[in-house]
Amino acid sequence: MGIVGNLSPQQRQSFDSQGFLVIESFASPAEIEAMRKRMDGMLQAFDPTTTASIFSTKNQVKLTSEYFYESAENISFFFEEKAFDDNGNLKQPKELSINKVGHALHEIDPVFKEFSCSEKVSSLLFSLGYKKPVIIQSMYIFKQPGIGGEVTPHQDNSFLYTEPKTCTGLWLALEDATVVNGCLWAIPESQKNGLVRRFIRGDDGVYFDRPSLSYDQKDFVPIEVKAGSLVVIHGDLIHQSFENQSSNSRHAYSLHAVDTDGCKWAEDNWIRRKVEPEPLYSSGQT
């Protein structure tokens with residue numbers, strides 16, 4: 001049996017055409033359990049009084065702080081917008097109030113690093129044409145029951161820009177993702193229209209360099225997947241997710257990769273750091 005991450009010609013053709021690809025059973029039940037158990041431990045140890053940073057795809061320009069910037073090289077905790085009452089107190093336990101944990105799980109934590117730098121992840125990136133891939137950020141996303149926030153239509157290349165563009169998203173379902181609990185939605189083939197706008201970090205904070213386009217919701221298709229499935233996302237694909245209005249969470253582990261071979265990391269990206277390849281597993285690739 002071949003390496004899980006090695007794409008067949010048919011899979012590569014589908015990805016190039018549609019802008020996304022679902023690979024079922026990419027992660028084993030043991031890998032899923034290990035990452036979920038590790039995150040449970042992190043949440044138990046987390047003191048919510050140390051930060052009240054909120055993550056929002058709608059209002060991050062206003063909410064950005066040094067905590068957000070520093071998260072590029074740390075394991076940082078971000079709350080849901082609806083987690084607090086009018087007095088600034090959590091309305092429910094911290095475990096049910098966190099939006100995501102990121103953005104350097106893949107570098108700092110051994111459990112998440114083992115998966116992120118695994119043979120199958122690197123083989124997948126090489127199958128996509130990467131020469132010297134680097135995982136540039138990682139996130140554990142909770143999509144909490146009842147308050148799991150909407151993620152508005154966006155493109156990953158907006159946030160992690162290289163010249164030429166090389167960002168690819170790897171979205172691993174740690175629980176079943178359905179239209180009820182907030183699965184991904186995408187506009188097939190939308191990557192062919194190119195990058196719409198960029199998310200830039202300037203002297204006064206972060207901002208988009210142009211307004212968002214309006215999208216017809218009828219153009220989006222749901223990407224419902226079982227736990228263990230990996231959704232590979234082209235950097236220019238328009239995708240989103242809706243609020244989780246169900247009683248079930250929708251945990252996911254998300255990675256974003258860029259190439260470092262013949263590619264320039266944009267200095268005005270929100271992540272301002274020297275981009276160096278993490279030693280990924282390579283079975284003979286150079």
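Colleague: What makes S1-S12-S7-S14-S4-S3-S2 an open sheet of seven strands?

Modeller: In this predicted model, the seven strands stand in that order, with antiparallel pairing. Strands are DSSP runs (E, at least two residues), numbered from the N terminus. Two strands pair if DSSP finds at least two bridges between them. Strand S1 (20-23) and strand S2 (75-79) are the edges: each has a single partner strand, so one side of each is left without a neighbour in the sheet.

Colleague: How do you know that strand S3 and strand S4 pair?

Modeller: Strand S3 (residues 98-103) and strand S4 (residues 133-141) share four bridges, in the antiparallel sense. At least two are required, so the pair qualifies. Val 101 stands opposite Tyr 140 in S4.

Colleague: What makes helix H1 a helix that packs on the sheet?

Modeller: A helix is a DSSP run of H or I, at least four residues. Helix H1 covers residues 9-18 and touches S1 and strand S12 (230-234). Contact means heavy atoms within 4.5 Å. The direction of H1 makes about 140 degrees with that of S1. Such angles run from 0 to 180 degrees between N-to-C directions, on axes fitted to C-alpha atoms, for helices over the stretch in contact.

Colleague: Why is a set of residues called a nonpolar core?

Modeller: Its members are buried Ala, Val, Leu, Ile, Met, Phe, Trp, Tyr and Cys residues, joined through side-chain atoms within 4.5 Å. Buried means under 20% relative accessible area (1.4 Å probe, protein chains only). The largest core here has 37 residues; Met 39, Phe 115, Leu 124, Val 232 and Tyr 253 touch the most other members. Helix H2 (residues 29-45) gives the most to this core, with five residues. Another core, of 19 residues, lies apart from it and includes Ile 187 and Phe 220.

Colleague: How many cavities of 30 Å³ or more are found?

Modeller: One. A cavity is a set of points on a 1 Å grid, over the protein atoms alone, where a 1.4 Å probe fits but cannot get out.

Colleague: What are the ground rules of the model?

Modeller: Residues are numbered from 1 along each chain as its sequence is written, and side-chain values use heavy atoms, leaving out hydrogens and water. Local features need pLDDT of at least 70, side-chain atom pairs count only at pLDDT 80 or more, and totals for chains, interfaces and linings use all residues.

Note on methods. Buried means under 20% relative accessible area, exposed over 50%, partly exposed in between (1.4 Å probe, protein chains only). On a 1 Å grid over the protein atoms alone, a cavity is a set of points where a 1.4 Å probe fits but cannot get out, and a pocket is an open set with protein on both sides within 12 Å along at least five of seven lines; lining residues have an atom within 4 Å of a point. Grid points are joined across faces, edges and corners, and a volume is the space filled by probe spheres set on the points.
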